[in-house]
Amino acid sequence: MTAQGTDSPEHCLTHTPSRPSSAGAGAGVLTVLFSVFQPVSHETLEADVEDEGPAQAADSSNPGDGLPQYRLSEIKNHGPKSSRPWVIFEDKVYDITDWIPAHPGGEVILRAAGGSIEPYWDIFAIHKTPYVREILQQFVVGKIHPDDLEDGRPRMNDIEDPFVSDPTRDPRLRQITAKPCNAETAGEDLAEAFLTPNEVFYVRNHMWVPVIEDTAADAHGITIELPDGDVKTYTVHDLKAKFKQYSVTAVLQCSGNRRRDMTEHANKTNGLQWGPGAISCAKWEGVRLRDVLKDAGLPLDDLPEDAQHVQFSGLEAYGASIPIHSALDPRGDVLLAFKMNDLPLPRDHGFPVRVIVPGTVAARCVKWVSKIVVSDEESDTSWQRRDYKCFGPNETRDLDWDKYKSIQEMPITSAITRARKKSADGNHVEVEGYAYSGGGHEIQRVDVSLDGGKTWDQASLVDDSEQDSGSKAWSWKRWRYEGALPTTTEAAAFVVKATDDAYNTQPQCYKSIYNLRGNLATAWHRVEFDPRKEKGCADS
Ligand SMILES: *[C@@H]1O[C@H](CO)[C@@H](O)[C@H](O)[C@H]1NC(C)=O
Ligand SMILES: *[C@@H]1O[C@H](CO)[C@@H](O)[C@H](O)[C@H]1NC(C)=O
């Protein structure tokens, strides 16, 4: 029996997960509006956004009638820096001034001020329910002048694209979504180098890429808030001048890496359908978070009880947290990093500074970090509390998000990244890939099968130790295997699984670890590839 045989694909499902509930009837309008604008990770987007069709044009019974009319050029004056920021939704104008200060994180919506909120609705996976429209009505101040409308809506050309300043990406990246950019590293590039070149390092963005000019990088500030209320700000220049810098090689991996396999082999999953390329490895350089927190006044030897989590916020409004023990572990190598593979961080990867938490899911490695809070609570973002969690295979609806811990250290995984024939007839093959385990666990062994899991041999681990650095095994191991196809095999199926130094290994099939979110899809990686049918010459 093969892994394929036990895991039949299912494609006909329509289930969508429960949404964060809008507050109940007793809750204030402002609270509800905030829950509406709370960004929701793109991970949930595709499956989560029910298509409710085009928004209805204002109907004549709406209190919008008789409202003053504004030209788009006038509305533009009510931008993020104005004392009365406005946003447009459909054909109406809303003054959000009073809403913002009442909502921590509410400044995100300022990004839309002076223009339409609609592009942001898509990013934030907001449901355009009639209820939400009712709430917005509380803030309505006018209508868009008919000369600026086309079919009852502002012209698309007049609506600012939040992604207009995003960097261009290397065409070798395999794009999954364009806005926000989510793109995985191709197998070829995963196999080719221990340190993934910056241009082909996978990109996982939840929103737009913040714009910081090169000349402004050193002045970029990170505010640190301690449990006793003390606040201290360090610029990037301060950090570089004041603290010792360290260099650590570490893998970053999305919790949704290989989600597509889980979808194919188990059942429908919600989120970006990544192949095996939502993982890459780089050398990171920066200062230790531990040193900075100590300097900011956190007593490391006598931690206050309310120092339980370290929360990070990025400039684009993303946020997440890690447990305090992880942040302070002297051998944990948690960095505020400025450099990636000896170069300044590329914009897509957090320029000018990001958090690197080796061995931990990349979702906690906040890019463009601008605020760090030591708190008794986890970050309150949906990315911390709702998105990056796993459920049991039996839990397919009414998910209780508070029940499980957020994903931090990553489980063991491995994948085949390249398979080539080594003899002209294709009976001799070379298979390559990566193996990685979170939490600093080192890969001990990689088992390979060329007949779908019936018989096994071991791959050789590539010695990349010269390029490796850090207190623990934070990097992946590349592996290679050469062998002859079993003559009895009809169609070749290559399978890989790895084992780490704690004897953790990968589950055989996706069904046993199926979760609706499609997180941590770490089952044996399987590739159907028959080199005997490949045309052309052998590689060597
Ligand atoms: C899954 O199993 C757990 C434990 O028995 C139970 O609490 C939960 O309700 C189950 N979920 C579903 C959707 O059946
Ligand atoms: C897939 O999930 C749906 C919805 O949860 C469920 O009804 C269906 O039985 C599942 N299919 C398989 C093959 O497990």
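Okay, let's start on a pair of residues: Ile224 has Lys232, in strand 11, as its bridge partner. Before I go on, this is a predicted model, where local features need pLDDT of at least 70 and side-chain atom pairs count only at pLDDT 80 or more, while totals for chains, interfaces and linings use all residues. Residues are numbered from 1 along each chain as its sequence is written, chains are lettered from A and ligands numbered from 1 in the order in which they are written, and side-chain values use heavy atoms, with hydrogens and water left out.

When I say helix or strand, I mean DSSP runs numbered from the N terminus: H or I with at least four residues for helices, E with at least two for strands. The chain has twelve helices and 27 strands.

Back to our pair. Strand 10 and strand 11 are antiparallel partners, joined over five bridges; strands count as paired if DSSP finds at least two bridges between them. In general, strands of a sheet pair through backbone hydrogen bonds, either parallel or antiparallel.

So where do these two sit? They belong to an open, mixed sheet of five strands, ordered 11-10-19-14-15. Strand 11 and strand 15 (319–323) are the edges, and each has a single partner, so one side of each has no neighbour in the sheet. Ignoring direction, neighbouring strands here are turned by 20° against each other on average.

Lying across strands 10, 11, 14 and 19 is helix 10, residues 289–296, which runs at about 130° to strand 11. Angles run from 0 to 180 degrees between N-to-C directions, with axes fitted to C-alpha atoms, for helices over the stretch in contact.

Now, the loop between strand 10 (221–225) and strand 11 (231–235) holds Pro227. Is Pro227 buried, exposed or partly exposed? Partly exposed, at a relative accessible area of 26%; buried is under 20%, exposed over 50%, and partly exposed in between, with a 1.4 Å probe and protein chains only.

And what does Pro227 touch? Beyond its neighbours within four places in sequence, Pro227 contacts Leu298, Pro304, Asp306, Ala307 and Val374, where contact means heavy atoms within 4.5 Å. Take Pro304: 77 residues away from Pro227 in sequence, with the C-alpha atoms 7.8 Å apart.

Zooming out to finish, 55% of the chain's 540 residues count as buried. Among contacts between residues at least 6 apart in sequence, 73% join residues at least 24 apart. That's me done, thanks.
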